[in-house]
Amino acid sequence: MKITGVLAWHPEVAMTKEEIERSTTPMSNSNIVPLEVGQPVPDFELPSLDGRPVKLSDYRGKKLLVFMWASW
Amino acid sequence: MCRYQLPGWQEFYAAHQNDNFELLSIAVDAPGAKVAKPWHDKAHATFTTVVDQTNLLAGAFGFKVVPNGLMIDANGILRFKQIGGFSIDKAETRQQVESLIREKFGDQNPAPLEALQPPSAAGESWQQHFQTAVRLIEQGQHKEAAAALRRALLRDPTNFLVRKQLWRALHPEKFGEQIDLDWQQQQRQREAELGFEAANPV
């Protein structure tokens, strides 16, 4: 079997160029809230490492640094 | 890599605890608390870490990378943001955050915060596929999770948060207790050579 062009991608690669071109506009989620300096940050709730619900608004009245990271 | 910053932030947090300052750490790990907790514990962190397993915030705010930093004042107003490359190890970052801690943040007159809206159900956003993937990862169905992540990536090809989880689903052995950074570097190179580069892999 002959494999040519962009289809000859390494199996580990996520997608072909063709697929990228065919894909919809990046960030098709239309209700993105822009994070703008000077604007309030909308409230959200996420579970802590021990499963306790934590809200951004729990920190009202304090200066807060939010640090986003990942284990990878 | 961002998890290596946790001890640095712990030291920073301890130094500023009496400055009306708090630190909230958010791990964006699809497998959940079990992969984030070892890094929090290893840093002896006393600040709170929460887990954003489904990338709720990335979807809502439109970012595609970590590490990120947001500085929010006592009234809930965003005063500083850095998306990608945010690091305690950079003197400039430390100074910026410290100067905001010292600054008087205006009146203590908090207006109620609006709640973040859940992602739209209309259309297929990358987030919906990502959520499916998280469910499949929890069920140990890594192959099916990879397919869902691939669909997520098709919706947002430069999203590095999605891509890393796809690598993890395809190669769980590279993301064990030790994270194989050399392999990640090679993987990025392989993809870059094929004309497929992430937005801002940090």
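In this predicted model, helix H2 (33–42) and helix H7 (160–170) of chain B each contribute at least two residues to the lining of the second largest pocket. The largest share of that lining, 3 residues, is supplied by H7(B). The volume of the second largest pocket is about 170 Å³.

The axes of H7(B) and helix H8 (residues 181–193) of chain B come within 12 Å, with a crossing angle of roughly 115°. The crossing of H7(B) and H8(B) is right-handed. On the H7(B) side, the contact is made by B:Phe160, B:Arg163, B:Lys164 and B:Trp167; on the H8(B) side, B:Trp183, B:Gln184, B:Gln187, B:Arg188 and B:Glu191 take part. The residues in this contact of H7(B) with H8(B) divide into 3 nonpolar, 2 polar and 4 charged.

The size of an interface is often expressed as the accessible area lost when the parts come together. For chain A and chain B, the buried area is about 6,800 Å², of which 65% is given by carbon and sulfur atoms. In chain A, the residues that lose the most area to chain B are A:Lys63, A:Trp69 and A:Trp72, which together account for 17% of what that side buries. The contact involves 51 residues from chain A and 95 residues from chain B.

Rolling a probe the size of a water molecule over the atoms shows where empty space remains. The count comes to 2 cavities of 30 Å³ or more. The largest cavity holds about 50 Å³ of space. Both chains contribute to the lining of the largest cavity: A:Leu56, A:Ser57, A:Tyr59, A:Arg60, A:Lys62 and A:Leu64 come from chain A, and B:Ile72, B:Asp73, B:Gly76 and B:Leu113 come from chain B. The lining of the largest cavity consists of 5 nonpolar, 2 polar and 3 charged residues.

Most residues other than glycine have a negative phi, and most peptide bonds are trans. The peptide bond joining B:Val66 and B:Pro67 is cis, with omega of about 5°. B:Asn20, a residue other than glycine, has a positive phi, near 55°.

Notes:
Residues numbered from 1 in each chain as written. Chains lettered and ligands numbered in written order. Predicted model: local features only at pLDDT ≥ 70, side-chain atom pairs only at ≥ 80, totals over all residues. Heavy atoms only, no water. 1 Å grid on protein atoms, 1.4 Å probe; cavity = no way out; pocket = protein on both sides within 12 Å on 5 of 7 lines; lining within 4 Å. Points joined across faces, edges and corners; volume = space filled by probe spheres on them. Helix = DSSP H or I, 4+ residues; strand = E, 2+ residues; numbered from the N terminus. Axes fitted to C-alpha atoms, helices over the stretch in contact; angles between N-to-C directions. Left-handed = near helix turned anticlockwise from the far one by under 90°. Contact = heavy atoms within 4.5 Å. Nonpolar A, V, L, I, M, F, W, Y, C, P; charged D, E, K, R; others polar. Buried area = accessible area lost by both parts, 1.4 Å probe.
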